[in-house]
Amino acid sequence: MEAASVCGCCGALRPRYKRLVDNIFPEDPEDGLVKTNMEKLTFYALSAPEKLDRIGAYLSEKLIRDVSRHRYGYVCIAMEALDQLLMACHCQSINLFVESFLKMVAKLLESEKPDLQILGTNSFVKFANIEEDTPSYHRSYDFFVSRFSEMCHSSYEDLDIRTKIRMSGIKGLQGVVRKTVNDELQANIWDPQHMDKIVPSLLFNLQHIEETESRSPSPLQTTEKEKEVPAELAERCLRELLGRAAYGNIKNAIKPVLIHLDNHTLWEPKIFAIRCFKIIMYSIQPQHSHLVIQQLLSHLDANSKSAATVRAGIVEVLSEAAIIAASGSVGPTVLEVFNTLLRQLRLSIDYALTGSYDCVMVTGAPKIIKEHEERMFQEAVIKTTGSFASTLPTYQRSEVMLFIMSKVPLPSLHHPLDLGGKAGEDRNRLTQVMLLKSLLQVSTGFQCSNMLTALPSSFLDRLLSAALMEDPEIRLFVLQILISFIDRHGNRPKFQTISTISDISILKIKVDKCSRQDTVFMKKHSQHLYRHIYLTCKEENNSRAHFEAIYALLALISIELANEEVVVDLIRLVLAMQELAQVNEDNLPLYSRCALYALGAAYLNLISQLTTVPAFVQHIHEVIEMRQKEAPFMLPEGVFTEKPRLSKNLDRLGAEILFRQSKISEVLGGSGYNSDRLSTPYVPQLTDEDRLSKRKSIGETISLQVEVESRNSPEREERAPAEEITYETLKKAIVDSVAVEEQERERRRQVVEKFQKAPFEEIAAHCGARATLLQSKLNQIFEITIRPPPSPSGTVTAAYGQPQSHSIPVYEMKFPDLCVY
């Protein structure tokens with residue numbers, strides 16, 4: 001029986017809506033929908049909306065029957081009729097009609113025939129774009145989410161059909177999202193049960209670039225729809241999904257991304273992972289950026305014992321996300337972000353040194369740690385630290401730098417380094433290097449008008465303490481960090497190489513007048529800074545990079561922070577470096593001595609032209625010309641090259657090729673500079689903290705403390721009587737200096753050995769005896785000071801009838817050395 005026919009004489013008794021539905025189907029399905037009859041059915045549905053649900057139920061019956069009988073032409077006609085009725089009717093009773101519609105769509109999606117799946121998807125997408133007037137309280141889309149997700153993973157043999165099925169699945173998911181995301185009465189699409197299906201389906205298509213693009217015979221002959229591929233559609237759908245995510249839904253949307261990247265090992269190439277999170281960061285609302293970063297940090301902690309390549313991939317993604325994040329959007333817990341990164345850095349150092357993840361077993365075998373992979377991870381953490389810091393405002397960036405510096409293990413009287421022998425030393429060194437590299441990344445590009453706030457005492461003291469470490473790499477990092485802070489006008493590249501150019505105007509140096517805050521900073525910290533620069537020059541293992549950094553630091557101080565007093569001090573400092581190379585008390589290598597001469601020539605050439613004192617410029621140029629003729633190994637052009645030109649005749653240098661302090665004091669004094677200060681050689685003061693920076697063991701730290709204490713010990717009650725200084729005395733002191741030095745060294749060794757090997761009881765008894773002696777001396781002092789003044793008769797009778805002698809005036813008392821301030 002044809003679809004339009006009726007059963008005998010009972011046809012006239014059938015309900016009108018059924019007759020109208022039957023009439024839209026032609027005898028031959030290839031003729032398509034009967035448009036005139038479809039118009040009648042639409043008019044009837046609009047006139048009698050209460051019949052709409054019955055129309056939908058009847059159409060549903062016919063479609064299910066036609067599907068089972070494989071009459072696909074009539075199936076297409078039925079779906080077309082449903083689509084038109086949905087577009088035309090928006091009455092309150094449309095909900096029941098929609099139920100019938102969704103039932104028919106689900107029937108098509110369940111079919112194994114790709115054409116029916118695509119047909120059902122297209123109808124669902126049209127329905128998803130309709131804004132309903134009345135909400136639905138009981139409608140469920142669980143089946144559609146599951147089925148569309150399954151279609152997104154289609155593995156159909158034919159490539160073209162597989163591509164169409166996958167695209168239909170993506171469009172279906174997009175339709176579900178549009179239909180439900182803004183309606184609170186609909187199913188919550190942000191629930192994990194839905195997100196765990198939708199997001200991985202989109203990512204699966206995003207990571208598989210299909211070959212359909214290259215199969216087109218000519219790109220000019222294809223339309224935009226034909227050019228579209230699942231990856232592009234999936235990306236648009238993912239962006240739309242994330243763009244609609246509210247604050248409370250970000251976590252549920254990001255977690256499936258992380259799980260997908262874990263399950264498919266997509267962190268190691270990291271290209272796809274970075275692409276995913278770029279899409280995420282650009283799609284979500286800017287104020288939610290810190291939530292994504294927190295999710296990534298939590299995931300990094302969860303993978304702290306994963307392979308280094310996985311952790312490096314996560315950190316690289318963090319770096320890219322931080323760059324995209326808006327300024328200050330990392331959130332209120334800024335230090336927690338850096339704390340997590342530094343903790344991972346420390347763990348990586350431990351992994352590289354110990355070779356294990358705390359004996360964690362995977363499939364019965366321990367993980368193999370590759371040191372070069374851990375180093376790659378550490379570099380990624382350092383890069384990410386800089387990326388995070390670049391997004392922060394100035395005040396937060398300063399806090400971060402203080403935080404990182406506080407984590408650097410440095411030797412001091414109050415904070416000794418971790419013990420543990422060779423392993424402890426290696427751990428401390430690697431930690432110092434990595435944290436200082438992180439600090440350098442954070443300080444790069446840092447702009448602060450007030451150096452007092454940029455370099456507070458607590459920060460500068462610890463940083464300069466690291467400048468005296470034996471490790472040359474650590475010293476170089478400290479110099480570079482100082483340069484980053486001081487260079488506020490981008491002059492650093494102009495001093496990349498050391499030279500003695502005759503006209504510095506070609507460098508186009510940007511110079512501003514020294515501000516009041518900078519003047520206060522230099523008054524407070526300049527001598528501390530000069531001393532560390534001088535002591536750094538005395539290191540035997542300095543390389544070309546160290547001298548270039550010292551030159552750049554001196555030049556930038558002259559440009560950024562210099563007033564008349566600072567200029568004088570810097571000239572004195574450089575002349576002291578020249579004397580250091582000339583006298584060579586520290587037995588410096590030949591290269592270091594030549595480098596110091598060359599460094600002094602380059603800097604004095606620069607500062608003379610900055611001060612614009614003609615006589616000063618003339619003297620410097622005369623010495624440089626003499627060196628060019630007679631001693632090119634004392635100029636930067638001869639020293640700071642790939643093949644340095646050195647000379648062993650540094651002990652027989654003529655006065656004409658040296659910069660003379662008297663001459664400089666004379667020419668600058670005539671121009672208003674402080675000639676008395678210029679004529680005074682610079683002599684740094686060596687402090688205990690400076691000496692301690694070079695110490696490696698806690699035993700040596702104790703030795704220094706004991707040595708300081710012993711000099712003021714109460715056991716040394718009497719000072720040695722003043723000795724008359726004669727020629728014989730000086731001669732004897734010179735002759736015996738070597739023996740005295742040996743005795744002093746032996747005494748220190750015994751003190752160290754005693755504190756390292758002696759039993760605790762013996763050390764405690766020794767300290768207790770000294771404390772008892774000190775207490776007895778103090779008791780004597782207190783007894784003397786509380787006595788009453790003497791009576792005129794010379795003696796007084798005490799309360800108990802005993803005579804009492806005269807009290808000694810305070811100014812005549814003899815106090816132990818320890819009690820004298």
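By how much of a helical turn are Glu-150 and Arg-147 separated in helix α7? In this predicted model, the two residues stand three residues apart in helix α7, which spans residues 142–152, and therefore about one helical turn separates them. Glu-150 forms a salt bridge with Arg-147, in which the closest N and O atoms are 3.2 Å apart, and Arg-147 is buried, with a relative accessible area of 14%.

The count of salt bridges comes to 21. Among them is the pair formed by the side chains of Glu-240 and Arg-244, with an N to O distance of 3.2 Å; Glu-240 counts as buried at 17% relative accessibility, whereas Arg-244, at 31%, counts as partly exposed. These two residues also belong, together with Arg-178, to a network of salt bridges. A further salt bridge joins the side chains of Asp-301 and Arg-343, at 3.0 Å from N to O, and this pair links distant parts of the chain, since Asp-301 lies in helix α15 (residues 289–302) and Arg-343 in helix α17 (residues 334–354), 42 residues apart. Asp-301 counts as partly exposed at 28% relative accessibility, and Arg-343 is likewise partly exposed, with a relative accessible area of 35%.

Helix α22 (residues 457–466) packs with helix α23 (residues 472–486) at an angle of about 145°, and their axes are 8 Å apart. In this contact, Phe-459, Leu-460, Leu-463, Leu-464 and Ala-466 of α22 meet Ile-474, Arg-475, Val-478, Ile-481, Leu-482 and Phe-485 of α23; the residues involved comprise 10 nonpolar, no polar and one charged. Arg-475, in helix α23, is buried, with a relative accessible area of 1%, and a polar atom of its side chain lies 3.0 Å from the backbone oxygen of Met-469. Beyond its neighbours within four places in sequence, Arg-475 is in contact with residues including Ala-466, Glu-470, Thr-536, Glu-539 and His-546.

Ser-168, placed in helix α8 (residues 159–180), is also buried, with a relative accessible area of 6%. Leaving aside neighbours within four places in sequence, Ser-168 is in contact with Ile-118, Thr-121, Phe-148 and Met-151.

The mean pLDDT of the protein chain is 78, and 78% of its residues reach 70 or more. Over residues 210–226, however, pLDDT stays under 50, and the model has 16 contacts beyond four places in sequence for this stretch. Residues 695–723 also have pLDDT below 50, with 47 contacts in the model beyond near neighbours in sequence. Where pLDDT is low, the predicted coordinates should not be read in detail.

Conventions: Residues numbered from 1 in each chain as written. Predicted model: local features only at pLDDT ≥ 70, side-chain atom pairs only at ≥ 80, totals over all residues. Heavy atoms only, no water. Axes fitted to C-alpha atoms, helices over the stretch in contact; angles between N-to-C directions. Helix = DSSP H or I, 4+ residues; strand = E, 2+ residues; numbered from the N terminus. Contact = heavy atoms within 4.5 Å. Nonpolar A, V, L, I, M, F, W, Y, C, P; charged D, E, K, R; others polar. pLDDT = per-residue confidence, 0-100. Buried < 20%, exposed > 50% of the residue type's maximum accessible area, 1.4 Å probe, protein only. Polar contact = N/O pair within 3.5 Å; in protein donor to acceptor, adjacent residues only side chain to side chain. Salt bridge = Lys/Arg side-chain N within 4 Å of Asp/Glu carboxyl O.
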